[in-house]
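Here is a short briefing on one protein model. Look at the structure first, then read the points by topic.

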Amino acid sequence: MFNSKFGSVPKFYVRAPGRVNIIGLGFCFGWRLQENDIKNSPILSEGRAYRLLWIFCSSYGCRTRYVNSCGTCENTHSPAGQYQSLVPEHFGLSDLTGMNCLVDGNIPPSSGLSSSSALVCCAGLVTLTVLGMNLSKVELAEICAKSEHYTGTEGGGMDQSISFLAEEGTAKLIEFSPLRATDVKLPSGAVFVIANSCVEMNKAATSHFNIRVMECRLAAKLLAKHKCLPWEEVLRLEEVQAKLGVSLEEMLLITEDTLHSEPYSPEEICRCLGISLQELKTQILSPNTQDVLTFKLYQRAKHVYSEAARVLQFKKICEEAPDNTVQLLGELMNQSHVSCRDMYECSCPELDQLVDICRKFGAQGSRLTGAGWGGCTVSIVPADKLSSFLANVHEAYYQRSNRSLVPEKQSLFATKPGGGALVFLEA
């Protein structure tokens with residue numbers, strides 16, 4: 001893939017959906033990329049941001065060295081035991097090999113388009129390639145999902161799963177326990193359009209995301225306790241439904257009967273579960289949610305169960321393909337945004353404004369995508385209205401504010417299902 005050579009050192013690059021690229025050039029600490037290697041890389045183009053990264057691993061820990069935006073080198077060090085690479089851990093390896101990497105991508109950061117997960121998935125594939133080992137896509141997705149917990153966010157595995165299990169031309173229904181993906185054929189008469197609100201939200205730097213995860217966890221435990229289930233073992237709302245063997249619609253009724261709409265205090269939760277405040281903080285809550293004063297359990301549970309029902313209804317409509325498929329799918333997306341905004345409370349004024357603008361100019365449905373509190377919307381637009389939709393939304397949302405400074409290719413674009421992460425080896 002490259003014109004220049006580092007002797008017999010193998011070179012490769014890994015691409016994850018989005019896209020984020022990592023080029024591996026050398027599997028030992030000390031190799032250096034030359035300027036021509038960067039310029040001649042077939043996946044880089046003018047205006048693209050890239051970062052050259054050297055990684056050195058030893059029994060003393062991991063050390064990285066990279067060039068910052070000012071052109072000077074910076075160093076980081078993680079002592080042994082503080083940071084653990086989960087791919088080598090999976091194989092029981094202790095003698096790790098360092099590598100040189102060039103990291104490149106075109107996903108807007110903190111935009112709800114899974115840029116961090118794409119980077120983690122790339123890193124996982126790079127590590128496997130360096131080690132000369134193999135894992136199934138499912139195993140690697142699960143390892144990468146676990147890896148992101150090291151940043152402090154209590155995320156799930158949907159982003160990592162689709163990064164590996166995606167196939168060109170089809171959407172996927174992602175299900176867990178066990179992880180599996182089912183093809184969903186999207187309607188041919190519609191296009192899905194991404195629009196960036198230009199409001200950035202760093203999940204790892206705030207507690208918003210983890211608070212929602214903890215509220216869902218607490219709701220699951222209270223529902224399980226109410227139904228005489230072993231609530232101590234329950235972590236997710238889906239587990240309560242599975243243990244009871246009931247439908248999502250029935251879970252919504254159970255939620256209505258069990259949880260009240262007023263916020264719960266930590267003390268009330270402790271009384272419901274029969275535990276101490278110390279046990280709540282140390283055994284259930286994450287470190288950055290231990291000082292939260294109120295938890296909205298009813299709203300979060302209702303959102304999760306109703307959203308899961310909408311996902312299954314979306315798949316059913318795609319399979320049955322009635323004449324008004326696009327309209328029906330749009331209505332589900334609109335309902336989803338209302339629930340995200342009012343019940344899960346993960347929207348923001350800019351997202352709500354952008355959703356309204358997209359609907360005004362022809363989208364049958366529009367909703368936030370990703371974690372929320374900023375980032376992007378996704379809209380379903382009739383194919384014959386795409387050109388006018390893009391032009392009108394661009395003028396209404398971007399040109400009338402400083403948002404026009406954002407690169408147009410990163411702010412508003414049509415998209416379609418693509419393939420998953422790949423490794424390209426040099427011939």
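**Pocket lining**

By class, the residues lining the second largest pocket are 10 nonpolar, 4 polar and 1 charged. Keep in mind that this is a predicted model.

**More on the pocket**

- The volume of the second largest pocket is about 250 Å³.
- Its lining is made of 15 residues. Those nearest the centre of the pocket are L125, L128, M133, N134 and V423.
- Which elements each supply at least two residues of this lining? They are α3 (115-131), α4 (137-147) and β13 (422-425).

**The sheet**

- An open sheet is built from 4 strands. Their order is β10-β11-β9-β12, and the pairing is antiparallel.
- The edges are taken by β10 and β12 (412-415). Each has a single partner strand, so one side of each is left without a neighbour in the sheet.
- On average, neighbouring strands of this sheet are turned by 25° against each other, direction ignored.
- Strands of a sheet pair through backbone hydrogen bonds, and the pairing can be parallel or antiparallel.
- Strand β9 (residues 190-196) pairs with β11 in the antiparallel sense over 7 bridges. For V191, the bridge partner in β11 is V381.
- Strand β10 (residues 365-369) also pairs with β11 in the antiparallel sense, over 5 bridges. G365 has I380 as its bridge partner in β11. T369 stands opposite C376 in β11.
- β10 and β11 form a hairpin with 6 residues between the strands. In this hairpin, G370 takes a positive phi near 85°.

- Is strand β11 (residues 376-382) buried or exposed? Of its 7 residues, 7 are buried, so the strand is largely enclosed by the rest of the structure.
- In a regular strand, side chains alternate between the two faces of the sheet.
- Both faces of β11 are covered. On one side, C376, V378, I380 and P382 are buried.

**Salt bridges**

- How many salt bridges does a search of the whole structure find? It finds 13.
- R212 and E215 form a salt bridge, with their closest N and O atoms 3.8 Å apart. The two residues sit 3 residues apart in helix α6 (residues 208-226), so about one helical turn separates them. Both R212 and E215 are buried.
- K302 and E256 meet through their side chains in a salt bridge of 3.3 Å, N to O. K302 lies in helix α11 (residues 297-320), and E256 lies in helix α8 (residues 248-258). The pair therefore ties together parts that are 46 residues apart in sequence.
- K302 is partly exposed, at 29% relative accessible area. E256 is also partly exposed, at 39% relative accessibility.
- E345 forms a salt bridge with K296, and their closest N and O atoms are 3.0 Å apart. E345 is in the loop between α12 (325-342) and α13 (349-360), while K296 is in the loop between α10 (277-284) and α11. So this pair ties together parts that are 49 residues apart in sequence.
- E345 is partly exposed, with a relative accessible area of 28%. K296 counts as partly exposed too, at 26% relative accessibility.

**A loop residue**

- S265 is found in the loop between α8 and α9 (266-273).
- S265 has a relative accessible area of 24%.
- S265 and F295 are 30 residues apart along the chain. Their C-alpha atoms are separated by 6.4 Å.

Conventions
Residues are numbered from 1 along each chain as its sequence is written. This is a predicted model: local features need pLDDT of at least 70, side-chain atom pairs count only at pLDDT 80 or more; totals for chains, interfaces and linings use all residues. Side-chain values use heavy atoms; hydrogens and water are left out. A salt bridge is a side-chain nitrogen of Lys or Arg within 4 Å of a carboxyl oxygen of Asp or Glu. Buried means under 20% relative accessible area, exposed over 50%, partly exposed in between (1.4 Å probe, protein chains only). On a 1 Å grid over the protein atoms alone, a cavity is a set of points where a 1.4 Å probe fits but cannot get out, and a pocket is an open set with protein on both sides within 12 Å along at least five of seven lines; lining residues have an atom within 4 Å of a point. Grid points are joined across faces, edges and corners, and a volume is the space filled by probe spheres set on the points. Ala, Val, Leu, Ile, Met, Phe, Trp, Tyr, Cys and Pro count as nonpolar, Asp, Glu, Lys and Arg as charged, and the others, Gly among them, as polar. Two strands pair if DSSP finds at least two bridges between them. Axes are lines fitted to C-alpha atoms, for helices over the stretch in contact, and angles run from 0 to 180 degrees between N-to-C directions.
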